[in-house]
Amino acid sequence: MSEVMVKCSQVHKSFGDLEVLKGVDLEVKKGEVVAILDPSGSGKTTFLRCINFLERGDAGTICVNGFTVPCKEGTKKEVMELRKKTAMVFQNYNLFKNKTVIQNVMEGLTIVQKVNKQEAYERSKAMLEKVGLGQRLDYYPIQMSGGQQQRAGIARALVLQPDVILFDEPTSALDPELVGEVLETMKEIAETGITMIVVTHEISFAHDVASKVVFMDGGVVVEQGTPEQVIDHPQNERTRQFLKKIKE
Ligand code: ADP
Ligand code: MG
């Protein structure tokens, strides 16, 4: 049996009276690419943020690579430890505007992982070359297209060598003509065997690249399985409705 890399058990999260996550269970195996589909506004970002404790769940546990932290009771130290195992790629890239691309990528290495500057530079440069930005090291974010900025965001996550990368709708802020280059980069990364959890509306990407597709709605996992099962032959009525709408 293959190794479990991420296991979320009964994750709950409310904002005031609004119960967003109502007991989410998710298991991701090492090297697996899991695509999470979910109608807008129902807690995808909140769920990813709960996985790396940018948001603290009200109940449940998060386990990454054998290290389990209770959402509510986890200590600061445990949270720091768990966070080192994850990296996130944000919807709006979240690059520092006053730093160059390579400075953005180096930041996590030098500040969080205390890697010396020279090594951080070399590793960041290599990673930027990998995502096709080797000619853009000293550009500022504003001098690059959205697609290039997002590829820099991916390099920044990858360079940390996390156990799992969390992607929060990584192409949804992009002009349509720039979506392809980012999906292509993600596909290449997936082929290297890194574990990925990807919230996305890109059905064909989910179909072609994901090993597992999870359909969430109303704060719970409604249906999950292979792309063939969930996308081609959805069993649940809500999954069917959503896919029908998206395919129109
Ligand atoms: P999605 O990413 O699926 O669009 P989100 O996780 O961003 O959804 O949000 C789910 C719901 O939780 C929304 O109704 C949103 O308004 C609410 N929400 C998210 N973050 C907060 C917050 N920090 N405070 C209050 N409400 C929030
Ligand atoms: Mg969101």
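How many aromatic pairs does a search of the whole structure find? The search finds 1 aromatic pair, where a pair means rings of Phe, Tyr or Trp (its six-membered ring) with centres within 6.5 Å, called stacked when the planes are under 30 degrees apart, edge-to-face when over 60 and tilted for the rest. The two rings belong to Phe215 and Phe242, and they are tilted, with 5.3 Å from centre to centre and 45° between the planes. This pair links distant parts of the chain, 27 residues apart: Phe215 sits in strand β9 (residues 212-217) and Phe242 in helix α9 (residues 237-247). Phe215 counts as buried because its relative accessibility is 0%, and Phe242 is buried at 10%. Buried here means under 20% relative accessible area, exposed means over 50%, and partly exposed is in between (1.4 Å probe, protein chains only).

Before going further, please keep in mind that this is a predicted model, in which local features need pLDDT of at least 70, side-chain atom pairs count only at pLDDT 80 or more, and totals for chains, interfaces and linings use all residues. Residues are numbered from 1 along each chain as its sequence is written, chains are lettered from A and ligands numbered from 1 in the order in which they are written, and side-chain values use heavy atoms, leaving out hydrogens and water. The helices (H or I, at least four residues) and strands (E, at least two) are DSSP runs, numbered from the N terminus.

Let's turn to helix α6, residues 176-191. Its 16 residues reach 24 Å from the first C-alpha to the last, close to the expected 22 Å at 1.5 Å a residue; the expected span is 1.5 Å times one less than the number of residues. Buried in α6 are Leu178, Val179, Val182, Leu183, Thr185, Met186, Ile189 and Ala190. They lie on the same side of α6 because they cover an arc of only 160° around the axis, taken from the directions from the helix axis to the C-beta atoms. An α-helix has 3.6 residues a turn, so residues three or four places apart point the same way. On the face turned away from the buried side of α6 you will find the exposed residues Glu177 and Glu191.

What do the buried residues of α6 pack against? Their partners are β3 (33-37), α5 (146-158), β7 (164-168), β8 (195-199) and α7 (203-209), with contact meaning heavy atoms within 4.5 Å. Phe167 of β7 is the bridge partner of Val89. Strand β6 (residues 86-89) is covered on both faces, with Thr86 and Met88 buried on one side and Ala87 and Val89 on the other.

Finally, look at some backbone angles. Gly193, which follows α6, has a positive phi near 95°. Phe53 is not a glycine, yet its phi is positive, about 60°. This residue lies in the loop between α1 and β4 (59-64), and Phe53 counts as buried because its relative accessibility is 6%. Asn94, also not a glycine, has a positive phi of about 55°. Its place is the loop between β6 and α3 (101-112), where Asn94 is partly exposed at 41% relative accessible area.

Note on methods: Two strands pair if DSSP finds at least two bridges between them.
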